[in-house]
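Colleague: I'm new to reading helices in a model. Can we go through this one together?

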Amino acid sequence: MRGRDRAVGAGRGWSRGGAAALVAAVLAVLLAAAALTAPPARAAGQLDEAAAALADGPGVWVADGYEGASDEAVALMNARYARAETPIRVALVTEDIGRDDSAAERLASAVGEPGVYIVRSEVDTPLSDLPETWEAAAVTAAGVSMDDLLDEELARAGIGTGDFLLSLPDALDGDLRPWVASTTGEEPVFVDPAVEEAFPHIGASVITGAFVGAPEIRVAVVSGLGGDDEAARSSMLDDLPPDGAAVLLRWDGTYFAPSVVAGSALPFDNADLEGVVGGTGGTDVPAGEVVERLELLAATVGRDPLDLARGTLADGGVFVHPGISDGRTTYEELIDYQERLAEWHPWLRVAFLPEEVLELRMGDEMPATGPGLAELLSIDGTDTAVYLVSPYDGGRITDLSLTGSTGFVEEARWTQDGDPFIKGTLDELLTVVAAEDSPDGPGGVAFDVDWAGLLPYLLAVACVLVFWFALAVAARASRPKRRRRAVERSRSRLAALTAAEAAREREQARAAALAWREELVSLGDDLADLPEPAGGSRLEYVQRMRAEYERLLAAEEDTLTRDEVGLVRTDARRLRRRLDSWRGSAGGDDRHAPADSR
């Protein structure tokens, strides 16, 4: 047989030396390809390191370079596993672990303790911008099966349903759900001890303090809940007051995802309140902003931010709504600004208020431009500045309303053109009020001039300036411009993400858009069914609503992030309120057609 093989080989023109050279060449190519495509061969080393680290007890071991879990999520997992009845050990590695559960079984064998073992791998591949991932699991704890883990992982497959690695302890032990249900009792606020350990600023007493003067708001802030989502939410709703609300916040990868239920008597629906807590996308509550977002909820269903500002500013000063933070201005600095402004201009009133909350509360009655908001806070015409702030954009100032003396208004309007945050704006405002000595009474900045001789000229100039100023503020304050700025900021944040993070954001945006698509279609059907007015302003108003709907359809098709989906949803619900108001009016006559709120 060997001779026949050689004869055949010789007949094809192959020599033994040539064959050896060819084999060597092929092996070299294969080895080079393997070197390019295969990950570094250190899987066993990582599992050994994980086993050594986890031998001391339940927790998480993370390999260098693993990007699929944030530091906050790891801190939460360690805090949660330390309190769980069922021991859970997790290894997050950057090496190929195969396509079976053998890696978790090896980890369990190396540690040698009963419990649940999970190994997640994350491996870069030249064929995709996203890492290739796999999960292996092993169970050696009594009373726990692999089916239990599979059921819980499937329950966490949706958007905003939580993190499997954090919901698993409650799914196995059922230790958090009774506490969530207890919010219907004497203590309406519950914070998971693991959350308090990982984020010390989130405490039940702090949250309770945010709700002073508000109707009953029930809150549960948890690392994760196992089992059925609807059952967890429903457990918070027994005897919920008609003017109250219930909020469930649970960790979902890199932030807390909110689920909000509005009381039956509130003029807002669940989605409205989820937008207040979760931002424009309705889904994101960063850990550092949990208390502020709940303050915004209290401002929506409870005490009006304008009333709160009036009371605080009765004698002048600076008011920053507690639901607002720019992440750079400290409480001590605000006290210092207050004292310095009082020294130079004791009658000045300055307020920083949450734009989205005011828009939701006031609807079409919210002054869109000019001095309207400032006049609501001003007393006897004193100098007043109201800055509208977007709480969901790092505390960025979006608009400005001024009233008072001409000198103050003309100078203070430029404070919006500098640093768009609280601290920088107050610095700018200080330069305005310190430029001249304060007057002897209310009325604004004093000027040492011959008022009687210059009065006719000043009046003429003031009229022109006020006219152009109104036009400029109107342009800045228009919803379309604010909307464009928000989309631009959202696209900039998307561009700054890693490829994996950007793909996840786009996927979640698609899911969020699909979740409310039926609502958008229903709005279009209702607009199409409107009787055609005979003409005049009634016809024009219906045409504007339909044109706005067409814009929403185009914008919805173009969304790339959850924030953009939230913007479209907010505008759609604003349009829905306008439509319902129109249909509910007495025959839809001219006096019931509100001004265009675009």
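Colleague: Which residues of α4 are buried?

Modeller: Keep in mind that this is a predicted model. Helix α4 covers residues 71–83, and a residue counts as buried when its relative accessible area is under 20%. In α4 that picks out Ala 73, Val 74, Leu 76, Met 77, Ala 79, Arg 80 and Tyr 81.

Colleague: And what covers the buried residues of α4?

Modeller: Several helices and strands take part. The cover includes the helices α7 and α9 (193–198). Among the strands in the cover are β1 (59–62), β2 (88–93) and β7 (245–251).

Colleague: How far does α4 reach from its first C-alpha to its last?

Modeller: Start with its 13 residues: at 1.5 Å a residue, 18 Å is expected. The model comes close to that, with a reach of 19 Å.

Colleague: Is α13 roughly parallel or roughly antiparallel to α16?

Modeller: Look at the angle: α13 (residues 290–301) and α16 (residues 355–362) pack at about 20°, their axes 9 Å apart. Angles under 35 degrees count as roughly parallel. So α13 is, relative to α16, roughly parallel.

Colleague: Which residues of α16 make the contact with α13?

Modeller: On the α13 side, the contact uses Leu 296, Ala 299, Thr 300 and Val 301. By class, the residues of the whole contact are five nonpolar, one polar and one charged. The α16 side supplies Val 357, Leu 360 and Arg 361.

Colleague: What about α6 and α7, at what angle do their axes cross?

Modeller: Helix α6 spans residues 146–155 and α7 spans residues 164–173, and their axes come within 10 Å. The crossing is right-handed. Its angle is roughly 125°.

Definitions and conventions: Residues numbered from 1 in each chain as written. Predicted model: local features only at pLDDT ≥ 70, side-chain atom pairs only at ≥ 80, totals over all residues. Heavy atoms only, no water. Axes fitted to C-alpha atoms, helices over the stretch in contact; angles between N-to-C directions. Helix = DSSP H or I, 4+ residues; strand = E, 2+ residues; numbered from the N terminus. Left-handed = near helix turned anticlockwise from the far one by under 90°. Expected span 1.5 Å × (residues − 1). Buried < 20%, exposed > 50% of the residue type's maximum accessible area, 1.4 Å probe, protein only. Contact = heavy atoms within 4.5 Å. Parallel < 35°, antiparallel > 145°, perpendicular 65-115°, else oblique. Nonpolar A, V, L, I, M, F, W, Y, C, P; charged D, E, K, R; others polar.
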